[in-house]
Amino acid sequence: MTIKLIDVVITAREDQGAGIAVFELARPSGDELPRFDAGAHIDVHIGDNFIRQYSLSGNSENKNSYRLGVLNDPNSRGGSVKLYQEFKKGQLIKISEPRNHFPLDADAKKTILAGGGIGITPMISMAYTLKSQGKPFELHYCTRSKGAGAFERELLQQFPEQVIFHYDDDGGEQLFSPEKLFLPYDADLHIYVCGPTGFMDWVINNAKSFNYPSEQIHFEYFSADVDVTGDAFEVYCAVSDITVSVGEEDTIVKALAAAGVKVDVSCEEGVCGTCITDVLEGEPDHRDHFLTEEERSDNDQMALCCSRAKSKRLVIDL
């Protein structure tokens with residue numbers, strides 16, 4: 001898949017909360033940008049072969065600019081720190097067109113949006129869309145302390161009846177509680193969550209334990225610790241007519257690259273979906289956080305950056 005790139009300029013930067021930079025991006029010409037739906041993200045080209053994904057956090061009805069929130073996270077792989085520390089107003093950068101792997105369910109009658117830390121970013125665009133559609137929703141924003149998060153003033157102004165803040169250091173009844181919010185089970189309720197991996201796993205696992213089916217639980221991971229090691233196996237590329245061996249410490253992407261087969265990758269952690277490829281034969285060992293449980297069980301596609309094989313051989317559509 002070839003990803004079309006767009007040249008944009010940083011038209012504004014505002015530092016908010018505890019180490020969060022809010023960037024506004026626009027075409028240098030001022031022309032409209034490709035439209036996006038709530039939950040979409042873009043790739044930001046931070047340097048040579050250095051690409052990271054960021055959710056669009058603005059109102060999707062704004063046709064001339066995109067907005068990102070970037071956390072200066074020392075535990076990241078370097079992309080967010082570089083953006084936070086080096087990218088200024090007036091700087092030209094390249095981005096991809098928006099892609100959306102985290103869309104709102106158009107048929108949902110009730111919605112809970114749960115953002116942990118910088119995971120609030122996709123929730124804001126969702127809140128704007130739900131508000132414009134007149135649909136009921138709650139927006140829960142979990143941070144370590146009052147003032148640590150970004151966008152707080154905007155959320156209070158735009159969604160005064162829907163936003164609820166939860167502060168880790170304030171304890172008591174105000175803490176985010178899946179049990180209070182998700183029970184009793186409600187067949188009309190859809191749950192969306194984004195944020196640190198531990199927070200997301202906690203929310204998702206609680207929702208599952210309360211018998212919410214996967215169709216009602218929506219999530220998007222920013223990053224993930226993934227074990228890419230395992231037994232060696234063979235991959236045959238049906239289109240290229242090339243066979244490669246994937247070693248115990250190797251990945252399919254690296255093995256293919258060594259054989260001259262280029263695969264578009266981005267996150268390399270199985271969260272962005274850039275390298276998802278159709279599987280024609282064999283059984284994948286899914287290690288990603290992108291495919292749904294149903295998609296995994298179909299075994300007809302896989303993330304080449306991190307997933308492996310349960311069978312001795314895979315045939316992929318590449």
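Analyst: On a 1 Å grid over the protein atoms alone, a pocket is an open set of points with protein on both sides within 12 Å along at least five of seven lines, and its lining residues have an atom within 4 Å of a point. This is a predicted model, in which local features need pLDDT of at least 70 and side-chain atom pairs count only at pLDDT 80 or more, whereas totals for chains, interfaces and linings use all residues. Residues are numbered from 1 along each chain as its sequence is written, and side-chain values use heavy atoms, without hydrogens and water.

User: Which residues lie nearest the centre of the second largest pocket?

Analyst: Ile 217, Phe 219, Phe 290, Leu 291 and Thr 292 do, out of a lining of 25 residues. The second largest pocket holds about 630 Å³, a volume being the space filled by probe spheres set on grid points joined across faces, edges and corners. Helix H5 gives the most to this lining, with four residues, and strand S11 (217-219) and helix H7 (293-298) each supply at least two. Helices (H or I, at least four residues) and strands (E, at least two) are DSSP runs, numbered from the N terminus. The lining of the second largest pocket divides into 10 nonpolar, six polar and nine charged residues. Here Ala, Val, Leu, Ile, Met, Phe, Trp, Tyr, Cys and Pro count as nonpolar, Asp, Glu, Lys and Arg as charged, and the others, Gly among them, as polar.

User: What is the volume of the largest pocket?

Analyst: Its volume is about 1,300 Å³. The largest pocket is lined by 48 residues, with Leu 71, Asp 73, Ile 118, Gly 195 and Pro 196 nearest its centre. Strand S4 (50-55) provides the largest share of that lining, four residues; among the other elements that supply at least two are H5 (197-209) and helix H1 (79-86). By class, 21 residues of the lining are nonpolar, 19 polar and eight charged.

User: Which residues line the largest cavity?

Analyst: A cavity is a set of grid points where a 1.4 Å probe fits but cannot get out. One cavity of 30 Å³ or more is counted, and the largest cavity has about 30 Å³ of space. Ile 10, Phe 23, Leu 25, Val 44, Leu 68, Leu 83 and Ile 93 line it, and this lining is made of seven nonpolar residues, with no polar and no charged ones.

User: Why is strand S2 described as largely enclosed?

Analyst: Six of the seven residues of S2 (20-26) are buried, so the rest of the structure largely encloses the strand. Buried means under 20% relative accessible area, with a 1.4 Å probe and protein chains only. Strands pair if DSSP finds at least two bridges between them. S2 runs antiparallel to strand S1 (5-16), to which seven bridges join it, with Arg 13 opposite Phe 23. Six bridges also join S2 to antiparallel strand S5 (66-71), where Arg 67 is the partner of Glu 24.

User: Which residues touch the most other members of the largest nonpolar core?

Analyst: In soluble globular proteins, nonpolar side chains tend to be buried together. A nonpolar core is a set of buried Ala, Val, Leu, Ile, Met, Phe, Trp, Tyr and Cys residues joined through side-chain atoms within 4.5 Å. The largest core has 25 residues, of which Leu 113, Ile 120, Met 123, Leu 139 and Leu 155 touch the most other members. Helix H2 gives the largest share of this core, seven residues.

Notes. Buried < 20%, exposed > 50% of the residue type's maximum accessible area, 1.4 Å probe, protein only.
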